[in-house]
Amino acid sequence: MIELLVVIAIIAILAAMLLPALARAKAKATQTACLNNLKQLQLCWLMYPDENADVLPLNPKNSAANAWILGSMANANDTTNTHLLESGQLFPFNKSTGIYRCPADNRTDNRNSPGISFRVRSYAMNCYMSGEDVGATHYSLTGYHVNKKTSDITAPRPAAVFVFTEEAEFSIDDGHFGFTPDGVPGQGPEDVWLNVPGQWHRGATFSYADGHALFRKWVDGSTLKMSVNPGGTDASTDHADLRFIQNALAAKK
């Protein structure tokens, strides 16, 4: 009996040591899968202007037709409807609906009752990519422009401006990631979150206009505490996470 108890104790100790490592490995695997999805989606975005006279995929707010994606992930009827993905402008370039969703996106969105725990799409597109000049419409900032063609993407250069990112479950709706530049120099600074990026990796994945993708771990604890959309005034002292997005957001005229 004593020997059996010793064996059980050893097994319990080993399990306690191994389970956190397994959890970390699983989290890393889903993070890598998410990065891969955004690389595939980014490739579709790059292929679209090649066949459309350099014009970028459309990214309107509340997209109902003729856009990179249709539907709203805040609408329960849309969250399981893969036809909304198949009707988007990017689908002909990769006919896998799986690339539109991060495998770690399983948190419940409680904006509606009952809450929504599954979404066919986890990603949204930078509003300055054929969308809306949110800095101008929301904060009267001047000097920024919306990119309509790939030739418009000059500052930041393609390797420094993001196209897609994960969007938090309580923030995602249409395919338009609304955000404002900081306005600096000469305006602002606008230290405010509008749409909120993903949090389930304790960071978020971004794809860029040159085709690469990367993972950004959030360094400010306040970024992980946001739970409403819009995110509101940034609570951090250095605004590191906020500035990371703003610096890769919009082109100056």
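Two bridges, that is 2, join β1 to β4, and these strands run parallel. Strands here are DSSP runs of E with at least two residues, helices are runs of H or I with at least four, and both are numbered from the N terminus; two strands pair if DSSP finds at least two bridges between them. This is a predicted model, where local features need pLDDT of at least 70, side-chain atom pairs count only at pLDDT 80 or more, and totals for chains, interfaces and linings use all residues. Residues are numbered from 1 along each chain as its sequence is written, and side-chain values use heavy atoms, with hydrogens and water left out.

**The overall layout**

- The protein has 5 helices and 9 strands.
- Reading from the N terminus, the elements go α-α-β-α-β-β-β-β-β-β-α-β-α-β.
- The C-alpha trace spans about 80 × 45 × 35 Å along its principal axes.
- Of the 253 residues, 49% are buried, where buried means under 20% relative accessible area, exposed means over 50%, and partly exposed is in between (1.4 Å probe, protein chains only).

**The five-stranded sheet**

- The β1–β4 pair belongs to an open sheet of 5 strands, in the order β4-β1-β3-β6-β7 and with mixed pairing.
- Its edge strands are β4 (176–177) and β7, each pairing on one side only.
- Strand β3 (residues 162–166) pairs with β6 in the antiparallel sense over 3 bridges, and Phe162 stands opposite Tyr208 in β6.
- On to the next neighbour: β6 and strand β7 (residues 213–217) are antiparallel too, with 5 bridges, and Ala204 has Arg216 in β7 as its bridge partner.
- β6 and β7 make a hairpin with 4 residues between them, and Gly211 in the turn has a positive phi of about 110 degrees.

**Strand β6, covered on both faces**

- All the residues of β6 (residues 203–208), 6 of the 6, are buried, so this strand is largely enclosed by the rest of the structure.

**Nonpolar cores**

- The largest nonpolar core has 29 residues, and those with the most contacts inside it are Leu41, Trp45, Trp68, Leu90, Tyr100, Met129 and Phe164. A core here is a set of buried Ala, Val, Leu, Ile, Met, Phe, Trp, Tyr and Cys residues joined through side-chain atoms within 4.5 Å.
- The elements giving two or more residues to this core are α1 (2–50), β1 (123–126) and β3, and α1 gives the most, with 6 residues.
- Apart from this core lies another, of 26 residues, among them Tyr128, Phe177, Trp218 and Met226.

**Salt bridges**

- A search of the whole structure turns up 5 salt bridges, each a side-chain nitrogen of Lys or Arg within 4 Å of a carboxyl oxygen of Asp or Glu.
- Arg111 and Asp109 form one of them, with the closest N and O atoms 2.9 Å apart. Arg111 counts as partly exposed at 33% relative accessibility, while Asp109 is buried at 1%.
- Asp182 forms a salt bridge with Arg243, the closest N and O atoms being 4.0 Å apart. Asp182 sits in the loop between β4 and β5 (192–193) and Arg243 in helix α5 (residues 240–247), so this pair ties together parts that are 61 residues apart in sequence.
- The side chains of Asp191 and Arg243 also meet in a salt bridge (2.4 Å, N to O). Asp191 lies in the loop between β4 and β5 and Arg243 in helix α5, so the pair links parts 52 residues apart in sequence.
- Asp191 is partly exposed at 22% relative accessibility, whereas Arg243 is buried, with a relative accessible area of 19%.
- Through shared partners, salt bridges join Asp182, Asp191 and Arg243 into one network.

**The largest pocket**

- The largest pocket has a volume of about 210 Å³. A pocket is an open set of points on a 1 Å grid over the protein atoms alone, where a 1.4 Å probe fits, with protein on both sides within 12 Å along at least five of seven lines; lining residues have an atom within 4 Å of a point. Points are joined across faces, edges and corners, and the volume is the space filled by probe spheres set on them.
- Lining this pocket are 13 residues, of which Lys61, His138, Gly178, Leu194 and Asn195 lie nearest its centre.
- By class, the lining has 3 nonpolar, 6 polar and 4 charged residues. Ala, Val, Leu, Ile, Met, Phe, Trp, Tyr, Cys and Pro count as nonpolar, Asp, Glu, Lys and Arg as charged, and the others, Gly among them, as polar.
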